[in-house]
Amino acid sequence: MAFKGYKRGGNSTLARLCFGFGNLLAATPGFPAPQAVTVHPSTTRRGRFGRIAVRAALVSLSLTALSLVHIDPVGATTLERRVVTSNDDAEESATGKVSRTSSDLELVNDGTDQIVGMRWTALTIPAGVTITAAYIQFSAKESQSVATSLVLRGQAADNPLNFGSANGGISTRARTTAATNWAPMAWTVGQVGANQRTPDLSAVIQEIVSRPGWASGNALVMIVNGTGHRTAWAWDGSVAGAPLLHIEYNPPDFPPVASLTVSQLFTPALTLRADASGSTDTDATPIASYQFDFGDGSPVVTTTAPIATAQHTYAAAGPYTVTLTATDTANKTSTPATATTTVQPDFPPVASVAVTQLATPALTLSASGSGSTDTDLTPIASYQFDFGDGSPVVTTTAPTGAAQHTYASAGPYTVTLTVTDTGNNTSTPATATITVNPSATP
Ligand SMILES: [Ca+2]
Ligand SMILES: [Ca+2]
Ligand SMILES: [Ca+2]
């Protein structure tokens with residue numbers, strides 16, 4: 001976990017630990033931020049640094065006894081909303097009569113066992129989150145200890161309305177499958193503590209925010225029924241003591257979105273390059289690996305991010321469909337992305353040679369292979385000239401496609417050209433025969 005908010009840099013490990021611990025406590029609701037112990041390493045000696053830190057930690061510890069230490073998991077967000085208007089908390093008697101203006105919420109016996117509804121608005125919880133903790137914090141309006149057994153469910157709705165005056169306005173609302181049972185301890189008037197806090201409601205809240213129609217900013221209703229009696233403040237009786245909904249959640253965790261492009265390489269022949277670098281996953285669990293299936297039955301090629309490309313050489317030309325999936329660090333896998341392409345065949349070059357005797361030097365031929373062609377994805381890479389007199393073959397590298405050779409004597413010679421492409425395919429030889437004159441013809 002990260003310790004932040006402190007100037008660190010002192011060379012005392014103890015001090016650093018104390019500051020870290022103090023900082024955790026500072027994250028506790030209600031715990032004062034420890035600005036008083038800002039330390040400037042350049043001016044503070046080790047000993048004083050340590051004493052200040054220890055003192056801060058001891059103060060922190062004593063305050064811990066007063067409030068529950070709460071450490072969010074990394075990345076968790078906490079949201080708290082209170083009932084903020086009269087029509088957002090209400091009671092419905094056994095006869096169905098709805099009261100919205102009572103100063104309290106009787107959980108649940110008020111002559112009869114009633115049903116209590118509460119609504120919180122502007123819940124800025126994105127879709128797709130994981131609820132890690134949730135509870136309602138009530139404020140005790142009265143002291144009660146009668147055995148009480150409550151069931152808390154949410155309203156199974158995307159964005160429920162507030163409570164109206166019509167009979168049965170709470171009990172007729174569809175409720176979540178998920179439920180939390182609560183047998184509260186005795187309450188003492190004025191208490192706002194652990195005894196007035198429901199058990200964890202994560203499953204209930206999760207069911208609601210997992211609804212396809214859930215959107216950030218929607219409202220949420222909780223409905224309580226059961227037996228027994230605890231009396232909590234309603235908004236109408238105490239704005240500050242109205243029911244508080246506390247929710248902690250981890251950010252949405254989505255699978256990657258795969259994006260694939262393919263292109264045939266010039267060389268090697270029959271080789272596709274697949275590029276997955278357009279794939280995205282911008283949440284807290286980014287892409288970890290890419291899986292390329294080249295569609296010819298060959299094994300899937302897996303690369304580890306950030307490497308997002310792979311290539312494959314096919315045995316034959318033809319159409320192929322390449323399939324990409326991307327997997328994130330939470331092991332969520334994308335919908336496959338596909339790209340279909342026709343792998344072009346790879347032809348050898350067609351050689352063509354022309355020869356002319358130069359005016360000077362004597363007995364010298366110029367041979368040109370520039371009429372050779374190879375228009376596929378593996379173009380001409382080199383020219384090999386054999387001047388036909390037993391001398392070594394002269395090789396030029398494209399785009400140079402001409403060579404000269406001086407013979408030892410006049411006479412007829414056959415020049416042979418072969419051309420090789422970038423796929424290492426070699427042309428059929430082309431020949432040109434010429435009689436080399438003792439002196440160049442004008
Ligand atoms: Ca009310
Ligand atoms: Ca992800
Ligand atoms: Ca070729």
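**View 1. Strands β22 and β25, side by side.** Six bridges tie strand β22 (residues 380–386) to strand β25 (residues 411–421), and the two run antiparallel. Strands here are DSSP runs of E with at least two residues, helices are runs of H or I with at least four, and both are numbered from the N terminus. This is a predicted model, where local features need pLDDT of at least 70, side-chain atom pairs count only at pLDDT 80 or more, and totals for chains, interfaces and linings use all residues. Residues are numbered from 1 along each chain as its sequence is written, while chains are lettered from A and ligands numbered from 1 in the order in which they are written. Look for Ser-382, which stands opposite Thr-420 in β25.

**View 2. The four-stranded sheet around that pair.** Step back and you see an open sheet of four strands, in the order β23-β22-β25-β26, with antiparallel pairing; two strands pair if DSSP finds at least two bridges between them. At the edges sit β23 (394–397) and β26 (430–436), each pairing on one side only. On average, neighbouring strands of this sheet are turned by 20° against each other, direction ignored (the axes are lines fitted to C-alpha atoms, for helices over the stretch in contact, and angles run from 0 to 180 degrees between N-to-C directions).

**View 3. Strand β24 and its two faces.** Strand β21 (residues 364–368) runs antiparallel to β24, joined to it by five bridges. Thr-406 of β24 is the bridge partner of Thr-364.

**View 4. A three-stranded sheet.** Here the order is β13-β14-β17, again an open sheet with antiparallel pairing. Its edge strands, β13 (261–264) and β17 (309–313), each pair on one side only. Four bridges join β13 to β14 (residues 271–275), and Val-262 has Ala-274 in β14 as its bridge partner.

**View 5. Inside the largest nonpolar core.** A nonpolar core is a set of buried Ala, Val, Leu, Ile, Met, Phe, Trp, Tyr and Cys residues joined through C-beta atoms within 7 Å. The largest one has 45 residues, and Ile-205 and Val-224 touch the most other members. Among the elements giving two or more residues to this core are β4 (104–110), α3 (202–209) and β10 (218–227). Leaving out residues up to four places away in sequence, Val-224 touches Leu-107, Val-108, Val-116, Leu-150 and Leu-152; touching, or being in contact, means that C-beta atoms placed from the backbone lie within 7 Å. Another core, of 18 residues, lies apart from it, and Ala-274, Tyr-290, Leu-324 and Ala-326 are among its members.

**View 6. Val-204 and its surroundings.** You'll find Val-204 in helix α3. Why does Val-204 count as buried? Because it has 23 C-beta neighbours inside 10 Å. Its contacts include Leu-152, Arg-153, Gly-154 and Thr-176, not counting residues up to four places away in sequence. Gly-154 is 50 residues from Val-204 along the chain, yet their C-alpha atoms are separated by 6.0 Å.

Key:
A residue is buried if 20 or more other C-beta atoms lie within 10 Å of its own, exposed if 12 or fewer, and partly exposed in between; C-beta atoms are placed from the backbone. Two residues are in contact if their C-beta atoms, placed from the backbone, lie within 7 Å.
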